[in-house]
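The sequence and structure are shown first.

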Amino acid sequence: MAITDETITYEWRGEFEDAALEALHAEGFGHPVGRTGWRARLLRHSLGWVCARSEGRLIGFVNVAWDGGEHAFVLDTVVAREHRSHGVGAELVATAARRARAAGCAWLHVDYEARLRPFYLDACGFRETAAGLLAL
């Protein structure tokens, strides 16, 4: 579906309904819709988050977790299927980066699946680094 003549707004720490974010997350990550208490989780663990809206509907989201100091972490970047490949995800991450910088963070980290490499490295400007992962 082509997006034309549409205004998309991006809001740092924007309001959302848990059910709307859960539905978007389920669509984006391919799992059944659950009952995650997103608001409580984000308020407890996040520096902030960015909501993208079109005509009042939540169409994109990214969470910015942090260590309380200089390191912030992009998590759960998701865009509604019909809005993908139109720059919404890149603007979500750019807004998150600006806000993390304004909060005093010096580093923004992201982990991603290999298929998302072009998005994070090319569209969002991350650079590749060595990292480790321990499955728990």
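**Note on the predicted model**

1. Cys51 counts as buried because its relative accessibility is 1%; buried here means under 20% relative accessible area, exposed over 50% and partly exposed in between, with a 1.4 Å probe and protein chains only. The model is a predicted one, in which local features need pLDDT of at least 70 and side-chain atom pairs count only at pLDDT 80 or more, while totals for chains, interfaces and linings use all residues. Residues are numbered from 1 along each chain as its sequence is written, and side-chain values use heavy atoms, with hydrogens and water left out.

2. How many disulfides does the whole structure hold? The search finds zero, a disulfide being a pair of cysteine sulfur atoms within 2.5 Å. Cys51 is in no disulfide, and its nearest cysteine sulfur, that of Cys124, is 17 Å away.

3. Helices (H or I, at least four residues) and strands (E, at least two) are DSSP runs numbered from the N terminus. Two residues lie between the strands of the β2 and β3 hairpin, where Glu55 takes a positive phi near 50°. Strand β3 (residues 57-66) is mostly covered, with eight of its ten residues buried.

4. Strand β3 also runs antiparallel to β4, to which six bridges join it. Asn63 can be followed across both pairings: Trp49 stands opposite Asn63 of β3, and in β4 the bridge partner of Asn63 is Leu75. The hairpin of β3 and β4 has four residues between the strands, and Gly68 takes a positive phi near 85° there.

5. Is Ser54 buried or exposed? Ser54, which is placed in strand β2 (residues 46-54), counts as buried because its relative accessibility is 5%. Apart from neighbours within four places in sequence, Ser54 is in contact (heavy atoms within 4.5 Å) with Glu6, Thr7, Ile8, Ile59 and His83. Of these contacts, Ile8 is 46 residues from Ser54 in sequence, yet the C-alpha atoms of the two are 4.8 Å apart.

6. The largest pocket has a volume of about 780 Å³. A pocket is an open set of points on a 1 Å grid over the protein atoms alone, where a 1.4 Å probe fits, with protein on both sides within 12 Å along at least five of seven lines; lining residues have an atom within 4 Å of a point. Grid points are joined across faces, edges and corners, and the volume is the space filled by probe spheres set on the points. Of the 22 lining residues, Leu108, His109, Val110, Phe126 and Thr129 lie nearest the centre of this pocket. Helix α3 (88-102) gives the largest share of the lining, five residues.

7. The second largest pocket has a volume of about 600 Å³. Among its 26 lining residues, Phe29, Thr77, Val78, Leu116 and Tyr120 are the closest to its centre. Strand β4 gives the largest share of this lining, seven residues.

Definitions and conventions: Two strands pair if DSSP finds at least two bridges between them.
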